[in-house]
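Hi,

Here is the model I said I'd pass on.

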Amino acid sequence: MAKDRLSFVCEACGQGYSKWQGQCTECSAWNTLAPGQRHDLTEAPTAAAGARAGRMASLAPASSLQALSDIAFEDMERQPTGIDEFDRVLGGGLVPGAVVLLGGDPGIGKSTLLLQAMASILKISAQQSVLYVSGEESAGQLAMRARRLGFDGPVSQQLKVLSETSLEKVLQAIELAQPNVLVADSIQTLYTEMASGAPGSVSQVREVGYQLTQWAKRTGNAVFIVGHVTKEGALAGPRLLEHMVDTVLYFEGDAQASFRVVRAVKNRFGTVNELGVFAMTERGLKAVTSPSAMFLSEAQLSGADTGRVHEPVSGTCVTVSLEGSRPLLVELQALVDDSQVPNPRRLAVGFDGQRLAMLLAILHRHAGIACFDQDVFVNAVGGVRIQETAADLAILVAVVSSLRNRPFAKGCVVFGEVGLTGEVRPAARGLDRLKEVARLGFNRAIVPAANAPKTGIKGIEIIGVRRLSEALAHIS
Ligand code: TYD
Ligand code: MG
């Protein structure tokens, strides 16, 4: 049978094509096709290809047919890294044999976080052996960073580092050092002779990822793989690696702001959408253990907290959003202004712009408030991204407050989803949200009626509403 000769490969998912096309039919990414050959289909049967055939076997060891109830298993023992915010996104700690992919923009702090995590693991238990492989920095640069982070004494003696880009040499070093935890920083700089292409190409990323994963599964040791994110915001070769590894973490944040957030997007050993919050300081990343008030502007914090008293301003509203298992208080700001253009602008920063358009239509139809001749801008303070519909009501309150130029009551929090018929729908875990609101010193909350607890919460006046119009009646 004639071999399929593929001459273009999608850089994102590895799908091969015989002709160039603008969009990859497999993963829908645009402009990702590059000249190249999918090695598993086109390569001549060399010794390397023969060896590869064995490695194309599944990552999980083969097992025979069994009833699920007959299978003996042990509860996974987790090794905490000792950095609580990081353990939280890992689902409680590192599981033996786990492969964790940490993605993020260059300079966001991936190397810093992992170096700190490794030092912390050694601090907890001197029996651990840790190897940090860097293909990006020299050993001298790593040592300088470690000094800056304040590592000294036994930790700096036990932390083994290797500056190397050849995977074969890395594997040799692993045999010698026998680490329990390995860091590969970054997958784009490592290359293997087993695959063709330049470091960072699809075939290299796939092969290096595969070999590191195999090592982890075979030996039961944990691996962290660092991956850079492409301009489009996806991990280079994301599909290739994401299905292979157990946990995918993204390091996000505003390069200008000092706050950084680690988010789990896939975790075979824990829940996803957990957040770990850090601040970048002069001496590395510091965990922010109570981040709930971090996305409020100073004006929203009570005078006692900041020592200053602010006049209430119009166009802002505080909501409480549930990111992972933790409620976060987020301030939403709106600016509604007479439009000078035929198509008034709608811009949402920090949440879905389509949803803003929908909410404005609901506002018109069910509360009689029109914005069709107004530009509407909405922003979530602090660079946070809100994915929850529970912020709907607060967005509309901020918009109405700006439109009428009337400040919304200070110390008041709003949440609830707004439906197309103008009803206010309950949010998940309303009680947890309200407790956090009370803890931070807010004294009033406008919430979906179904979320208002019958017994009330001390120190906070809770107003349950069923419809959008009812909620808006409370703000004028
Ligand atoms: P780094 O961990 O090298 O990023 P990545 O590995 O994701 O590319 O982080 C580099 C940035 O962090 C750099 O801009 C300097 C800053 N930084 C600090 O502010 N404080 C520190 O203690 C360290 C080590 C880095
Ligand atoms: Mg780095």
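Below is what I found, starting with the conventions and then going region by region.

This is a predicted model, so local features need pLDDT of at least 70 and side-chain atom pairs count only at pLDDT 80 or more, while totals for chains, interfaces and linings use all residues. Residues are numbered from 1 along each chain as its sequence is written, chains are lettered from A and ligands numbered from 1 in the order in which they are written, and side-chain values use heavy atoms, with hydrogens and water left out.

**Overall**

The protein chain has 14 helices and 21 strands; these are DSSP runs numbered from the N terminus, helices being H or I with at least four residues and strands E with at least two. Of its 476 residues, 48% count as buried. Buried here means under 20% relative accessible area, with exposed over 50% and partly exposed in between (1.4 Å probe, protein chains only). For contacts in the chain with a separation of 6 or more, 65% are between residues 24 or more positions apart, a contact being heavy atoms within 4.5 Å.

**Strand 4**

How many residues of strand 4 are buried? The count is 6 of the 6 in residues 99-104, so the strand is largely enclosed by the rest of the structure. As you know, side chains in a regular strand alternate between the two faces of the sheet. Here both faces are covered: Val 99, Leu 101 and Gly 103 are buried on one side, and Val 100, Leu 102 and Gly 104 on the other.

Strand 4 has these partners (pairing takes at least two DSSP bridges between the strands). With strand 8 (residues 222-228) it makes 6 bridges in the parallel sense, and Val 99 sits opposite Val 223 there. Strand 9 (residues 247-253) also runs parallel to strand 4, joined to it by 5 bridges, with Val 100 opposite Thr 247.

**The cores**

I took a nonpolar core to be a set of buried Ala, Val, Leu, Ile, Met, Phe, Trp, Tyr and Cys residues joined through side-chain atoms within 4.5 Å. The largest one has 44 residues, and Leu 363, Ile 395, Val 399 and Ile 446 touch the most other members. Elements giving two or more residues to this core include strand 14 (326-338), helix 11 (353-367), strand 16 (374-380), helix 12 (392-403) and helix 14 (468-473). Helix 12 supplies the largest share, 8 residues.

**Helix pairs**

Helix 11 and helix 12 pack at about 65°, with their axes 10 Å apart. Axes are lines fitted to C-alpha atoms, for helices over the stretch in contact, and angles run from 0 to 180 degrees between N-to-C directions. That makes helix 11 roughly perpendicular to helix 12; the cut-offs are under 35 degrees for roughly parallel, over 145 for roughly antiparallel, 65 to 115 for roughly perpendicular, and oblique for the rest. Arg 355, Leu 356, Leu 359, Leu 360 and Leu 363 of helix 11 meet Asp 392, Ile 395, Leu 396, Val 399 and Val 400 of helix 12.

Helix 4 (residues 110-124) and helix 5 (residues 139-148) cross at roughly 70°, their axes coming within 11 Å, and are therefore roughly perpendicular to each other. Ser 111, Thr 112 and Leu 115 of helix 4 make the contact with Leu 142, Arg 145 and Ala 146 of helix 5.

**Backbone spots to check**

Most residues other than glycine have a negative phi, and most peptide bonds are trans. Here are some exceptions. The bond from Asp 185 to Ser 186 is cis, with omega near 0°, and Ser 186 is in the loop between strand 7 (181-185) and helix 8 (202-219). Gln 178 has a positive phi, near 50°, in the loop between helix 7 (167-177) and strand 7; at 52% relative accessibility it counts as exposed. Arg 429 has a phi near 50° too and lies in the loop between strand 19 (424-425) and helix 13 (430-439). With 39% relative accessibility, Arg 429 counts as partly exposed.

Cheers
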